[in-house]
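Have a look at it yourself before reading on.

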Amino acid sequence: MTTARRAWGRLGRRARFLAAGAAHPALRGTPVAVGPRTRLELGSAATFDRGLRCTIAGDSTFHVEGHLRWGDDVFVNTGAFLSVFESLTVGDRCRLGERVSIHDEDHVFEPVGTDRGAYRTSPVVIEDDVWIGAGSIVLRGSHIGAGSVVAAGAVVRGAFPPGSLIAGVPARVVRPLRSVSGDEAPSDSPGRVRSA
C-alpha cells in the first residue's frame, strides 16, 4: 500500500478532491486528495500540473502565482506552506514532512530605503524520491537532487547532488546516502529498519 493511500485512509470523510470542473483552470484535471483546512490561493496566471495519487494532508497553505508542477505519488504532510511566484517542480514519490515551507521568492531588503514589498524569484526544483523532513525551509533557487533526504529543521538554499543527506542551518551535505546496492557510505543509525 502506498503512503498516499494510507494517508487517504486516515483522512477519510474529512478530505475532499480537487478535480475536473473546479472553478480555477489550474485546478482542473488530475484529482488531488486534500485534507481539511487547506487553503489554495491561486493567482490569475497560476498553473498547477500534477501527477497521479497526490495527497495534501491538511492545515496547509499554497500561494501560487506561477507554475507549480508535481509528479506522481507526492505526499504533503500537515502544516505545509508553499509560495510559488515563478516555478516549483516536485518530482515523483516525494514526501514533505509537517510544517515544511518552500519559497521561490524572497523580499528585497537592500539597499536601505528599497521598497520592502518588492521580491526576487528563482525556480525551485526537487527531483524524484526526495524526502524533506519536518520544519524544513527550502528557499529560492534551490535544487535538491534525486533520492536525497533533507533533515528536519534544515534551511536549504543552493544546489545539492543526488543521494545526499542534507542538514543544518544553513544546510550542507552531511554525507552521501547508501544506495540499495550498498555501495555508498554506511548508515550510522543503530535503530532497526521497518517498512512503512
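**Notes on the strands and cysteines**

1. Leu88 stands opposite Val124 in β15. The strands involved are β10 (residues 87-90) and β15 (residues 124-126), which run parallel and share three bridges. Strands here are DSSP runs of E of at least two residues, numbered from the N terminus, and two strands pair if DSSP finds at least two bridges between them.

2. Before going further, a caveat on the source: this is a predicted model, where local features need pLDDT of at least 70, side-chain atom pairs count only at pLDDT 80 or more, and totals for chains, interfaces and linings use all residues. Residues are numbered from 1 along each chain as its sequence is written, and side-chain values use heavy atoms, with hydrogens and water left out.

3. β10 and β15 belong to an open sheet of six strands, with parallel pairing in the order β4-β7-β10-β15-β18-β21. At its edges sit β4 (47-49) and β21 (159-160), each pairing on one side only.

4. There is another open sheet of six strands, again with parallel pairing, and its order is β3-β6-β9-β12-β17-β20. Its edge strands, β3 (39-42) and β20 (155-156), each have a pairing on one side only. Inside that order, β12 (residues 101-103) and β17 (residues 137-138) are joined in the parallel sense by two bridges, and Ser101 faces Ile137 of β17.

5. What does β22 pair with? β19 (residues 149-150) runs parallel to β22, with two bridges joining them, and Val149 has Leu165 as its bridge partner. With β23 (residues 172-176), β22 pairs in the antiparallel sense over four bridges; here Ser164 is partnered by Pro176. β22 and β23 form a hairpin with four residues between them, and Gly168 in the turn has a positive phi of about 105°.

6. On the cysteines: the disulfide count is zero, taking a disulfide as a pair of cysteine sulfur atoms within 2.5 Å. Why is Cys54 not bonded? Its closest cysteine sulfur, in Cys94, is 9.9 Å away, which is too far for a bond. Cys94 is likewise in no disulfide, the sulfur of Cys54 being the nearest to its own. Cys54 is buried at a relative accessible area of 3%, and Cys94 is buried too, at 0%.

Note on methods
Buried means under 20% relative accessible area, exposed over 50%, partly exposed in between (1.4 Å probe, protein chains only).
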